[in-house]
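Here is a brief report on strand pairing. Look over the structure first, then read on.

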Amino acid sequence: MTKTTGLIALVLMGLSVLIWFQFNEPVQEETMNLSLSELNLSDITALKVEGKYSVSLERRGSDWFLKNGRRADSNVVQKSLNAIKRLDFSELITSQQEKFKELKVDEAQGTRVLAYSGSQVVADFVIGSAGAGGANIRSGSNVYAMKGMFPGTFSRPLGAWADRRLMRAEASDVSKVEIQLEGEEAIVLLPSEDEVPVWSLSDPSVLPTDFQFDALTARSVVKTVLGLSVREFVEGSKQGSEAFSQADQIVVYFKDKSRET
């Protein structure tokens, strides 16, 4: 009986050690391998956010675009990509699925983020509830605490991702600016070939009698036009170009003939 008892105790001890390794060691390996600090951001070609504000973005060359074809704000996209690279899954909170809802990392409440390199998913995680210092993040079946990470970095309205600049151009890119006020003769501004263009009238006779052209005002007008940005996007508007047929118009022509006015 003594030998049998000792053998049983030895077997149980061996099983205990095996079970300990099975339940503890894999978590350590997974935690270490989940760091995305080595991720090459230039390899990321698409970004998808699922949740309250869903959005899909894709990279074309050096620029990012929304699914509807509108150009995305490169600064906003880069901020999100940098946040992905800073992810460090080292502080494990729980692996119990029943707690996912409480931490808001479940499918119904969480914000899921997927980054792609071609067709390959290189990052996939869910951001849940946030506190003063960061948020809960789920990767697979594990939930981690992440400092400095917040849902708003990814969960934002569609318009917040869009590039609000009306045009991407510098004064040196412009060949002429045409200002057409309703019922009046068009005013055409031309730039000099200087590094900082000096603007002049193509036809000085359009000036009223005894009026003198102000080149500084002309430069200010061009600068304002090139710096225009959208305050709000009106999606699904039924107004066509005919609605603006009687409006004043400003037309910008580019030196690069491939660019539309």
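Which residue is the bridge partner of Ile 179 in β10? The partner is Ile 187. The model behind this report is predicted.

Strand β9 covers residues 174-180. Strand β10 covers residues 187-191. The two run antiparallel and share 3 bridges, one of them linking Ile 179 with Ile 187.

Together β9 and β10 make a hairpin, with 6 residues lying between the strands. Gly 183 sits in the turn and has a positive phi of about 80°.

## The β9 and β12 pair

β9 also pairs with strand β12, residues 249-254. This pairing is antiparallel too, and 6 bridges hold the count. Opposite Gln 180 stands Gln 249 of β12.

Strand β1 spans residues 46-50, and strand β2 spans residues 55-60. They run antiparallel and are joined by 4 bridges. Leu 47 has Leu 57 in β2 as its bridge partner.

In general, strands of a sheet pair through backbone hydrogen bonds, either parallel or antiparallel.

Notes. Residues are numbered from 1 along each chain as its sequence is written. This is a predicted model: local features need pLDDT of at least 70, side-chain atom pairs count only at pLDDT 80 or more; totals for chains, interfaces and linings use all residues. Side-chain values use heavy atoms; hydrogens and water are left out. Two strands pair if DSSP finds at least two bridges between them.
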